[in-house]
Amino acid sequence: MRDFVRLRRSLAEPIVLSGLPPGLEWLPLWRSRPADLHRLLVLAYGEGGGAVGSFDQWWWPLVDDTEFDPALVIIAANADQEPLGLVQCWSSSFVKDIVVHPDAQNRGLGSALLACAFSLLRQRGHMHADLKVERANSAAQRFYARHGMFEVES
């Protein structure tokens with residue numbers, strides 16, 4: 001089993017939204033192709049920081065989970081509707097997955113996705129948002145710290 005750190009961000013204050021990088025747009029889940037989302041997860045997690053099983057191991061348990069809400073699947077896509085970034089939250093205010101295509105990294109997309117997720121969760125009345133990150137993933141921990149997240153007990 002991997003060693004994880006639980007991080008939290010208060011949602012008490014309004015969230016400042018950053019715009020998407022040029023050439024990207026928000027894509028609602030109902031307009032996406034789940035197989036494309038799975039490919040993005042496999043590609044992004046292939047570089048470290050997480051894992052995802054086969055499509056059937058991922059998709060059906062995801063949409064059947066009692067905490068799944070399609071409105072909490074936030075997708076950024078290019079003009080061809082190819083997803084380049086994804087954040088998926090549970091209705092309990094937990095960030096389950098956040099990934100950015102390797103070709104779209106270091107352009108502010110991860111920050112835009114995370115801010116959008118925080119804003120949606122705050123609009124729903126949540127006081128904080130949590131996530132887990134691998135203890136060895138120091139780059140991700142620095143990213144989350146820049147966005148106001150701090151370690152809490154699991």
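Select β5 to begin: with 7 residues, β5 gives the largest share of the lining of the largest pocket. (Strands are DSSP runs of E, at least two residues, and helices are runs of H or I, at least four, numbered from the N terminus.) You're in a predicted model, where local features need pLDDT of at least 70, side-chain atom pairs count only at 80 or more, and totals for linings, chains and interfaces use all residues. Residues are numbered from 1 along each chain as its sequence is written, and side-chain values use heavy atoms, leaving out hydrogens and water.

A pocket here is an open set of points on a 1 Å grid where a 1.4 Å probe fits, with protein on both sides within 12 Å along at least five of seven lines; lining residues have an atom within 4 Å of a point. Tyr 45, Gly 49, Ile 98, Asn 137 and Tyr 144 lie nearest the centre, out of 38 lining residues.

Now click Tyr 144. Beyond its neighbours within four places in sequence, Tyr 144 is in contact with Leu 7, Ile 98, Leu 114, Leu 131, Val 133 and Met 149 (contact: heavy atoms within 4.5 Å).

Last stop: the largest nonpolar core has 30 residues, and Tyr 144 is among those touching the most other members, along with Val 87, Leu 109 and Leu 113. Such a core joins buried Ala, Val, Leu, Ile, Met, Phe, Trp, Tyr and Cys residues through side-chain atoms within 4.5 Å, buried being under 20% relative accessible area (1.4 Å probe, protein chains only). Colour α3 to see the largest share of this core, 8 residues.

Conventions. Buried < 20%, exposed > 50% of the residue type's maximum accessible area, 1.4 Å probe, protein only.
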